[in-house]
Amino acid sequence: KLGNETAKAELGRAAWKLFHTTFARFPDKPTAEESAALNAYIHLFQRLYPCGECAGHFRTILDKFPPQVTSRSAAAAWGCHVHNEVNKSLKKELFDCSNIGDFYDCGCADGEAPEGA
Ligand code: FAD
């Protein structure tokens, strides 16, 4: 467990950024293997998340709201929803998930992630 609130918040911001940007770049029409990979990634993200208290809370959220991995928009909407669940428990402002589409731009010049990425 990270003892320091500033470090915990910084880790959280970095993790959420990576999490949402990954969903924003997930294929619109994923193969079964790509969907399985995202599902496994999310569960491992929870399991290995370095703040133990956060990982424990997130486990409960994942049990209640299983990852949605059938398309980019489903994954992005799910990610926004579970982040809002964390926001709620921390008494933070909720994010308007109808704006999620344009919010996470990785700055990648190409339209799609490279093969195998
Ligand atoms: P953050 O919540 O880090 O959000 C960063 C930015 O993302 C926001 O400024 C906003 O632009 C955007 N954003 C906000 N909500 C959404 C949304 N719903 N969808 C998309 N984008 C959004 N901290 C604890 O103290 N206790 C915990 O139990 C805990 N559990 C966590 C579990 C996980 C899996 C993660 C990744 C983090 C957890 N954190 C926890 C950290 C916490 O969620 C915040 O990251 C941290 O408090 C910093 O908050 P922030 O206000 O800077 O914004």
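**Exercise 1. The ligand shell**

Which helices each supply at least two residues of the shell around the ligand?

*Solution.* Start with the ground rules. This is a predicted model: local features need pLDDT of at least 70, side-chain atom pairs count only at pLDDT 80 or more, and totals for chains, interfaces and linings use all residues. Residue numbers start from 1 along each chain, as its sequence is written.

Step 1. A residue is near a molecule or strand if its C-beta atom, placed from the backbone, lies within 6 Å of it. Helices (H or I, at least four residues) and strands (E, at least two) are DSSP runs, numbered from the N terminus.

Step 2. Name the helices. They are H1 (5-24), H3 (52-64) and H4 (72-89). H1 gives the largest share, seven residues.

Step 3. Look at the residues. The shell has 21, and Ala9, Gly12, Cys54, His83 and Phe95 come nearest to the ligand.

Step 4. Sort by class. Ala, Val, Leu, Ile, Met, Phe, Trp, Tyr, Cys and Pro count as nonpolar; Asp, Glu, Lys and Arg count as charged; the others, Gly among them, count as polar. The shell then has eleven nonpolar, six polar and four charged residues.

**Exercise 2. The whole chain**

How many helices and how many strands are in the chain?

*Solution.* Step 1. Count the elements: five helices and zero strands. From the N terminus on, the order is α-α-α-α-α.

Step 1. Check burial. A residue is buried if 20 or more other C-beta atoms lie within 10 Å of its own, exposed if 12 or fewer, and partly exposed in between, with C-beta atoms placed from the backbone. Of the 117 residues, 11% count as buried.

Step 2. Check contacts. Two residues are in contact if their C-beta atoms, placed from the backbone, lie within 7 Å. Take the contacts with a separation of 6 or more: residues 24 or more positions apart account for 56% of them.

**Exercise 3. H1 against H4**

At what angle do the axes of H1 and H4 cross?

*Solution.* Step 1. Two packed helices are described by the angle between their axes and the distance between the axes. Axes are lines fitted to C-alpha atoms, for helices over the stretch in contact, and angles run from 0 to 180 degrees between N-to-C directions.

Step 1. Read the values. The axes of H1 and H4 cross at roughly 160° and come within 8 Å.

Step 2. Classify. Angles under 35 degrees count as roughly parallel, over 145 as roughly antiparallel, 65 to 115 as roughly perpendicular and the rest as oblique. H1 and H4 are therefore roughly antiparallel.

Step 3. List the partners. H1 brings Trp16, Phe19, His20, Phe23 and Ala24, and H4 brings Arg72, Ala75, Ala76, Gly79 and His83. By class, this contact of H1 with H4 has six nonpolar, three polar and one charged residues.

**Exercise 4. The core**

Which eight residues form the largest nonpolar core?

*Solution.* Step 1. A nonpolar core is a set of buried Ala, Val, Leu, Ile, Met, Phe, Trp, Tyr and Cys residues joined through C-beta atoms within 7 Å.

Step 1. The members are Phe23, Phe26, Leu38, Ile42, Val69, Ala75, Ala76 and Cys80. Helix H2 (32-48) and H4 give two or more residues each. H4 gives the most, three residues.

Step 2. Zoom in on Ala76. Leaving out residues up to four places away in sequence, Ala76 touches Phe23, Ala24 and Ile100.

**Exercise 5. Single residues**

*Solution.* Step 1. Take His20, found in helix H1. His20 counts as partly exposed because it has 19 C-beta neighbours inside 10 Å. Beyond its neighbours within four places in sequence, His20 is in contact with Gly79 and Tyr104. His20 and Ile100 are 80 residues apart in sequence, yet 8.7 Å apart in space, C-alpha to C-alpha.

Step 1. Take Lys91, in the loop between H4 and helix H5 (100-103). Lys91 counts as exposed because it has 6 C-beta neighbours inside 10 Å.

Step 2. Check the backbone. Most residues other than glycine have a negative phi. Lys91 is not a glycine, but has a positive phi of about 60°.
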